[in-house]
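Here are my notes on this one, as numbered points. Have the sequence and the model open while you read.

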Amino acid sequence: MKILINTRGLIVLLLPLLFNLACNNASFYSKSIDLEGSWNRADTAGFCVNVEDTGQPYNFYVDIRNNQDYRYSNLYIFMHTSFPNGNTMHDTIEFILAKKDGEWIGRGMGSVKENNILVRPGLVFPVAGEYCFRLEQAMRVEDLQGIEDIGIRIEKAEAR
């Protein structure tokens, strides 16, 4: 009995599986909030994640998608972190979204660019429990046009 293999069909069947395996990084938590192209100063993006392993290092990213309506080359945000033990921490972070000549930084074709910016490499959470992160835009305008969505991603990092 002869078995015929349709190479093109095999590739079509295996391609989604291989893509899924290639994209399966060590993601521990990932979530974005759709801002529909405008981020009001009063609107915060909140994310809560439960962390049990206090010995595992993580890479902490902020994910930003902006469109051509965004008028600035950078984005300032306030990040408020609540720890399981009740402590809080507040950071001001600047993200560069365009080069000096105005060319957008990031991935994507067309009018939307995506930036996945590493904020804290090798982060080790000090206590187990639920951590909550609130992001708010810190630009000098009430309604910040051109931001499509904002999110965070936490990936397991290599142990040092």
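Which residue does a disulfide join to C48?

1. The partner is C132, with 2.1 Å from S to S. Before going on, a word on the ground rules: this is a predicted model, where local features need pLDDT of at least 70, side-chain atom pairs count only at pLDDT 80 or more, and totals for chains, interfaces and linings use all residues. Residues are numbered from 1 along each chain as its sequence is written, and side-chain values use heavy atoms, with hydrogens and water left out.

2. Back to the cysteines. A disulfide is a covalent bond between the sulfur atoms of two cysteines; here it is called when the two sulfur atoms are within 2.5 Å. The count by that rule is one disulfide. The link of C48 and C132 is right-handed, with 110° about the S-S bond. C48 sits in strand β3 and C132 in strand β8, 84 residues apart, so distant parts of the chain are linked (strands are DSSP runs of E, at least two residues, numbered from the N terminus).

3. How exposed are the two ends? C48 is partly exposed, at 38% relative accessible area, while C132 counts as buried at 19%. The scale is: buried under 20% relative accessible area, exposed over 50%, partly exposed in between, with a 1.4 Å probe and protein chains only.

4. T81, in strand β5, is worth a look too, as C132 is among its contacts. T81 is buried, at 4% relative accessibility. Leaving aside neighbours within four places in sequence, T81 is in contact with N87, T88, M89, C132 and F133 (contact means heavy atoms within 4.5 Å).

5. Now the largest nonpolar core, which has 32 residues. A nonpolar core is a set of buried Ala, Val, Leu, Ile, Met, Phe, Trp, Tyr and Cys residues joined through side-chain atoms within 4.5 Å. W39, L75, F133, L135 and I154 touch the most other members. Elements giving two or more residues include β3 (45–51), β5 (74–82) and β8 (129–137). Not counting residues up to four places away in sequence, L75 touches, among others, W39, I64, Y70, I93 and M139.

6. F133 also turns up in an aromatic pair with F60, tilted, at 5.0 Å centre to centre and 50° between the planes. Rings of Phe, Tyr and Trp (its six-membered ring) pair if their centres lie within 6.5 Å; planes under 30 degrees apart count as stacked, over 60 as edge-to-face and the rest as tilted. F60 is in β4 and F133 in β8, so the pair ties together parts 73 residues apart in sequence. Both are buried. Elsewhere, ring pairs link F28, Y58, F83, F125 and Y131 into a cluster.

7. On to the strands. An open sheet of four strands runs in the order β1-β10-β4-β7, with antiparallel pairing (two strands pair if DSSP finds at least two bridges between them). Its edge strands, β1 (27–34) and β7 (112–124), each pair on one side only. β1 and β10 share seven bridges in the antiparallel sense; S32 has G151 of β10 as its bridge partner.

8. Last, β5 and β6 pair in the antiparallel sense over nine bridges. I93 in β6 is the bridge partner of I77. Their hairpin has five residues between the strands, and G86 takes a positive phi near 95° there.
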